[in-house]
Amino acid sequence: MAFKNALAALVLALPLVNGLRTRRTTCPDGVNTAINAACCKLFPVVEDLKENLFENECGDGAHGALRLVFHDAIGISPTLGGGGADGSIATFNETELTFHANLGIDDVLDALGPLLIKHSDVVSAGDFIQLAGAVSLVQCNGAPRIPFFMGRAPPKAASPPNLVPEPFDSVQSILQRFGELGFSTEETVAVIAGSHSVAGADDVVPNMEGVPFDQTPDIFDTQIFVDVQLRGTISPGNEITQGEVETSVPGTVRLQSDHLLARDSATNCEWQSFVNNQAKMAQVFGQAVLKLSLLGQNQNELIDCSEVIPPAIPFTGGPATLPPGQTMDDIEQACATAAFPSLATQPGPPTTVPQIARLRLHTMKSAILGRFVAIALAATTAVANVIPPASPVTNTTLKTIVPSIRRATVEGVESNVNGAIAGPVDGIAGSVPSPRGLLGSDSGGLFKRLASYIPTTLISRGGNNNNEADNGYLNLALLLSQLEFAFFENGLNRFSAEDFRAAGYADWVRGRYEQIREHERAHVEFLQSAVTTSGRDRVQACDYRFEFDNVRIFVDISEAIATIATSAYVGGLHYFELREYITVLASILAVEARQAAWINGSVRKQNPWNTAFETPLTPNQVLTLLTSFFDFDSMPGQNRGLLPPGVHPYPRLSLAPRLIPGEEAEISFPYSRNDDGERLYAAFLVGFETIFAVIIERDEHAEGSGSENRRRYFVQVPRDLAARGTVFVSVVRGRDNINDVRFDDSTIVAGPAIAMFPFDAFGKPIGEW
């Protein structure tokens, strides 16, 4: 009883709170005013919901938001606990989406999730869900305007299971569930039927979505009370499913719980009392929804921001009627104390109610995306004091992380090359010999055409920084994820479990690769949604070239791709202005790093990490590496304009198939000297350390009259690269003094290529020198 009385006291306090506030404050936007200045920040959120989620109509988006209000708030019990209207269904959706009663809520979170993340620095998850629900109602003709209170704390845990009533529950069970939360029978009937008045079913009728519950799903009216009271004769699908009974109106679906509420002696007269009593329906429904929004909350600790809710749309519909071809004889009278109101029949032949159009901005269905939304939300609400906000990158902020730059001495620069190299070989160069001979010249172009560059300082990465261009960097991340997913999908389609076994790998290896493929699928779906829900276009997948003839080469390339992806996220996070993007992308970064560690450690039996710091890649570096697998000039035409401004690939650098520390190796790249005093240097980058080495140029005499000499380039690989793991190699231009060499956009000539110098568990190089 104390639980119910406390709730009643909160609701009754509403008129008093409103009555005490008279002064208004002009909001920072100069347009809106508010009684409480704290509410000003909600006006942009409301506009975003109206324009970009609900599209200013009582459609699929509004219906889903209202459903989410109920499914989140009802998760509380005087005996079992739960936080009520606290947003746990979003933050802990990995748990709550497994509840049978929440079937289909993943679609709702898909739609609301991007906006929830966008505004998570303004409102908590619980506030956002209740705000969206209140705004959704005023999109519907005849629906009441519900007060809104702000200030819900982040949820502490998921709701206990089995608290959301199911369509197949008995009337007694439903009344008991609502009753223990302080709802009367009248309020229970009103909130259930009223919600279904502007709703549709996505997961009741097999292979059908947006099936309305009554004839007027875009109008909040009493037609639901008539349509459900009619004798059921129609099944909208091929069979009746659990929680469904036959309906009376073509194109609609009837829930068993609605059917029973209209006929059970405990509720039938309450049900009937709402027929053509629009004022009562709006009043009791509004009262019940307000109670829902305050479940688990102390109203005295919340801020009344009801003024941000737009005005309700006055009811302009007519009285409830019987469908064409039906009469009062089709009504199944249930209330024993009053006759069912007399109704007119709609003229004309019977018609089918059309399905509710799906929300145009959010067509993707993915429970995985919803989980990403929850991860971002939990991080930004529960640990906001731990993660510092994003700030523009400046030279001042980077003074503490200036990388080490060393200049390598050149030993024996005039020595001859041991053995002829038949020409530049594109690929990843490895310390030799490597396990299974995977990195030798017999690899068939192993890691073919991987090239990019990495600057020597984090400061140089500020050149492309544009904090207003989050979508450009999201599209670059999407371009990377599209390639990753395509690679793993292609490889798994090409190589069977038997192929993996024949290559010497256990069955669990292919199983893990299947999991990695699904990781990348989820990354693609999240990034696509993040871009499109902001109203921007997204990049399209390219025509990829994946050159692997056997499972072993597939495994090796997979390690390079996972390593590149890890470094791409390490170097790219600081470009984002919206900190919620940083949180989610950091989550992706962690997954990419785990993948790279597993592939190189467990599968390739080499080092699972490199040095104490991962090498960061800039957008230019990332794009250069990605174009190793597709033609930049031939990618879908719109892609180039959707990437960050100024981002472009660099000329390709090819390494000899073997790089041995302390020995000379040939490299090749396109180059035309414009200045006789210009010298070329190789830059070896690992973590935050850069080692420069002089490039030796030699002219090779070409046989035959009129033939021009061919210039070849060599570099002595620094000895201390042994056992350093992944190293990126670039070519830069400078002058005679190696100490004056800079590494920035103006000095880049080509690269990098990616080289690997593996080491064992004791830090010793793998291979012989």
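Which residues does the UniProt annotation "binding site" cover? The close-ups below start there, in what is a predicted model.

**View 1. The annotated residues, D72, G84, D86 and S88.** These four carry the "binding site" label in an unreviewed UniProt entry. They are spread over 17 residues of sequence, yet they cluster in space, with a largest C-alpha distance of 8.2 Å.

**View 2. D72, sitting in helix α4.** Is D72 buried or exposed? Its relative accessibility comes out at 0%, so D72 counts as buried, the cut-off being under 20%.

**View 3. G84, in the loop between α4 and α5.** With a relative accessible area of 0%, G84 is buried too. Leaving out residues up to four places away in sequence, G84 touches D72, A73, G75, I76 and L295. So much for the annotated pair; the next view stays in that loop.

**View 4. S77, from the loop between α4 (60-73) and α5 (88-91).** What does the side chain of S77 reach? It gets to the backbone nitrogen of L80, at 3.2 Å. S77 has 6% relative accessibility and therefore counts as buried. Further along the chain, beyond four places in sequence, S77 touches L163, R177 and E180.

**View 5. Helix α4 packing against helix α7 (residues 105-118).** The two helices meet at an angle of about 115°, and their axes are 10 Å apart. As for handedness, the crossing of α4 and α7 is left-handed. On the α4 side, the residues that meet α7 are G64, A65, R67, L68 and H71. On the α7 side, their counterparts are I105, V108, L109 and L112. The spacing is worth a glance: an α-helix has 3.6 residues a turn, so residues three or four places apart point the same way.

**View 6. Helix α8, running over residues 125-137.** How many of the residues in α8 are buried? The count is 13 of 13, and the helix is described as mostly covered. From first C-alpha to last, α8 reaches 19 Å, close to the 18 Å expected at 1.5 Å a residue.

Note on methods: Residues numbered from 1 in each chain as written. Predicted model: local features only at pLDDT ≥ 70, side-chain atom pairs only at ≥ 80, totals over all residues. Heavy atoms only, no water. Helix = DSSP H or I, 4+ residues; strand = E, 2+ residues; numbered from the N terminus. Buried < 20%, exposed > 50% of the residue type's maximum accessible area, 1.4 Å probe, protein only. Polar contact = N/O pair within 3.5 Å; in protein donor to acceptor, adjacent residues only side chain to side chain. Contact = heavy atoms within 4.5 Å. Expected span 1.5 Å × (residues − 1). UniProt positions renumbered as here; feature names shortened; annotations may be inferred. Axes fitted to C-alpha atoms, helices over the stretch in contact; angles between N-to-C directions. Left-handed = near helix turned anticlockwise from the far one by under 90°.
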